[in-house]
Amino acid sequence: MNKAVAELSEEELAAVAFDDAVAAGKTPQAALSQAIADYPAAASFLSDYALSVIAVGAQEASAELTEIESVVMSRADMLLAKRIAPVTGKALRAGILGLAKQQGLTLTALAEALGLGRSVIVKLDRRLIDAATVPASALSRIADAIGAASSDIRAYLALPPTMAAGASYKATDTPATAPEQQAFADAVSTALLSGEMDDASAAAWRK
Amino acid sequence: MNSATEHVEPDAIEYAAEPRVAAEIARLSGLPSRRLLAALGASDENVQEETLVHFLRACHAAGDSAASGEIARIITGRIAGSLARLARAWRLSAPRDLMEDVIDEVLTDVYEQLFDSSPKFAFWEVRFWVCFNRRAINVMRRRRGELDQVAADEEFDEDSEELHMESVEPSRLRFDEPMGRALLADALGHLPQEVRTAFMLKHWSGYVEESSDSGETSIATLMGVSGRTVRNYLTRATRDLAAWREGTGDE
C-alpha cells in the first residue's frame, strides 16, 4: 500500500505538523509554537508530545533503560504468543522435543546436529530459559533443525515455564509454583561446565 | 515530509508513503516468507518501520500469522528503546507492576492497530512514529494523570486562593542546551498535566497568561481556565522545579 486516505484527529494532524516543522529544521520550541497556532485545540497534547520527544532524545543508554527494554520484549513475547496462539498449536502441543521427534530426531541426535548441550535443549523444551534472552540467530538454528518457524518457537518459549511438554497438556496453565527460568547464555555455560559442549560451540551459541 | 500530503476533500487527506518505503515494498514483495523475514530483520537492511507494517498486514491477511507475529516482534524491537525512555521520563517505570501494566497497555494498543488493515489505521504505513508516539504518549499522560489527579484536584480548584511564589527566571533553566533539556524533561515528569501544559505554553511558546484583547491567544484561552488558575499553575511549576533542582523534590 503506497497511499492511505485517512481522516486524522486534531492530535494526529498536530503531531504531523510538529514533526514536519522539526524535520524542516525548526527548533522544537518554534515547531511547538507553530503547531499550536495551527491546532490550538491540541495545545495540551502538543506540549506533552514535544516534551516527550525531547525526553526520549535526552536519555542516553543506561543499565536501567536496558532493563526496561528487556521487559518490553518479554511482555511483547507474551502478548504476541497469545495473539498468534491459534496457529502455533502444533508447536504448543508438541514442544521442541516433540517437533524434533516428528523430524526423526532424538534428543541426542538433535544435540549433536546443533552442537548444543542436551541440557539446554531440555530446558528450552520445558521453557526453563527466559525467551527474551535467546538470541534470534540461536532461535533460527533451532527452528530450522526441527522444521518450525522461529516465531512459533519464540511463542512457545514465551509461555510460562512448565513440566515437560508431553506431561503438561494445557501449556497455557501456570504451575502453582513456577520453576525459575535462567538466561540462555547461563544455560550454555552450565552445559559447557558439565562437558556437554566444547568451548567453540559454547562461544558460537552465546554470540 | 510536507510534500507527502495532498488535499483530496475537506475532511479527508490522501497520504503517500515516502519514496524509500515504496521502493522497499516493491523490492521485497514476492519473496518467500523465510527470505522476507530474513530481509526485514537484517540490521544492515534497516528497513523502514512503515515497510514493516505493510508486510505485517500482508502476511496477516494471507493467514501467515507466524510471519506476521515475527514481524510484530521486529517492530517491537524498534520501539523498545523509545517506549523505555517514555516510561522513564513519565516516571512510570517503577514499581515493576506499574511498568509492566503500562507497557502491556501500550503494546496491546499498538498491536491491535498494527494487525488491523482497515482504513482508519492506514496511517501507520505512512507515518509510523507519529502513530506510535501519539498512542504511547496518550497512555503515559492518562496513567500519570491518574496518579496525579488527587493532588491536582485539591490544589487547583478555581475557587482556591492565588498562590504567591518568587518567580524563577526562565532563562536560568537553559533548556536550549542538551543538559538543560535533560533536566527539564526529568523535572517536567514531576508536574501534573495542567501545570506542565501551562509551563510549556509560557516558557516554551511564549504565550501570555491572559489577555483582555479577545483577538490575542493566551494560555487561559488555550486551556479554558481563568488567568488566576494559570498563574497558580505557573507558581506550582516554579515551586516544584525549584525543589527538584535543589534535590528536595518528593522523590
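The questions and answers below concern a predicted model with chains A and B.

Reader: How many helices and strands does chain A have?
Author: In this predicted model, the elements of chain A run β-α-α-α-α-α-α-α-α-α-α-α from the N terminus on. The count for chain A is therefore eleven helices and one strand.

Reader: What is the pattern of chain B along the sequence?
Author: Chain B has ten helices and two strands. Read along the sequence, its pattern is β-β-α-α-α-α-α-α-α-α-α-α.

Reader: What percentage of the residues in chain A is buried?
Author: Chain A has 207 residues. Of its contacts between residues at least 6 apart in sequence, 63% join residues at least 24 apart. The buried part of chain A is 45%.

Reader: What percentage of the residues in chain B is buried?
Author: Chain B has 251 residues. Among its contacts with a separation of 6 or more, 58% are between residues 24 or more positions apart. The buried part of chain B is 40%.

Reader: Which element gives the most to the side of chain A that touches chain B?
Author: The contact takes 54 residues from chain A and 65 residues from chain B. On the side of chain A, the elements that give two or more residues are β1 (3-6), α1 (10-23), α2 (28-38), α3 (43-58), α4 (63-84) and α9 (150-158). The one that gives the most, with 13 residues, is α4(A).

Reader: How many nonpolar residues are on the side of chain A that touches chain B?
Author: Chain A gives 54 residues to the contact. By class, ten of the residues on this side are polar and 13 are charged, and the nonpolar ones number 31.

Reader: Is α3(A) largely enclosed or exposed?
Author: A residue is buried if 20 or more other C-beta atoms lie within 10 Å of its own. In α3(A), 14 of the 16 residues are buried. The rest of the structure therefore leaves α3(A) largely enclosed.

Reader: Which residue just after α1(A) takes a positive phi?
Author: α1(A) has 14 residues and reaches 20 Å from its first C-alpha to its last, close to the 20 Å expected. Its buried residues include A:A14, A:F18 and A:D20. Just after α1(A), a positive phi of about 105 degrees is taken by A:G25.

Reader: Are α3(A) and α4(B) roughly parallel or roughly perpendicular to each other?
Author: The axes of α3(A) and α4(B) come within 9 Å and cross at roughly 110 degrees. Angles of 65 to 115 degrees count as roughly perpendicular. α3(A) and α4(B) are therefore roughly perpendicular.

Reader: Is B:F115 partly exposed or buried?
Author: B:F115 lies in the loop between α5 (96-114) and α6 (128-155) of chain B. Leaving aside its neighbours within four places in sequence, B:F115 is in contact with B:H60 and B:S68. A residue needs 20 or more other C-beta atoms within 10 Å to be buried. B:F115 has 19 such neighbours, so it counts as partly exposed.

Reader: Is A:R127 buried or exposed?
Author: Most residues other than glycine have a negative phi. A:R127 is not a glycine, but has a positive phi of about 55 degrees. Its place is the loop between α7 (118-125) and α8 (136-145) of chain A. With 24 other C-beta atoms within 10 Å, A:R127 is buried.

Reader: Is B:N46 buried or exposed?
Author: B:N46 is found in the loop between α2 (33-41) and α3 (49-61) of chain B. Phi of B:N46 is positive, near 50 degrees. With 7 C-beta neighbours inside 10 Å, B:N46 counts as exposed.

Reader: Where in chain B does B:P95 lie?
Author: Most peptide bonds are trans. The bond from B:A94 to B:P95 is cis, with omega near 0 degrees. B:P95 lies in the loop between α4 (65-89) and α5 of chain B.

Key. Residues numbered from 1 in each chain as written. Chains lettered and ligands numbered in written order. Predicted model: local features only at pLDDT ≥ 70, side-chain atom pairs only at ≥ 80, totals over all residues. Helix = DSSP H or I, 4+ residues; strand = E, 2+ residues; numbered from the N terminus. Buried ≥ 20, exposed ≤ 12 C-beta atoms within 10 Å, placed from the backbone. Contact = placed C-beta atoms within 7 Å. Nonpolar A, V, L, I, M, F, W, Y, C, P; charged D, E, K, R; others polar. Expected span 1.5 Å × (residues − 1). Axes fitted to C-alpha atoms, helices over the stretch in contact; angles between N-to-C directions. Parallel < 35°, antiparallel > 145°, perpendicular 65-115°, else oblique.
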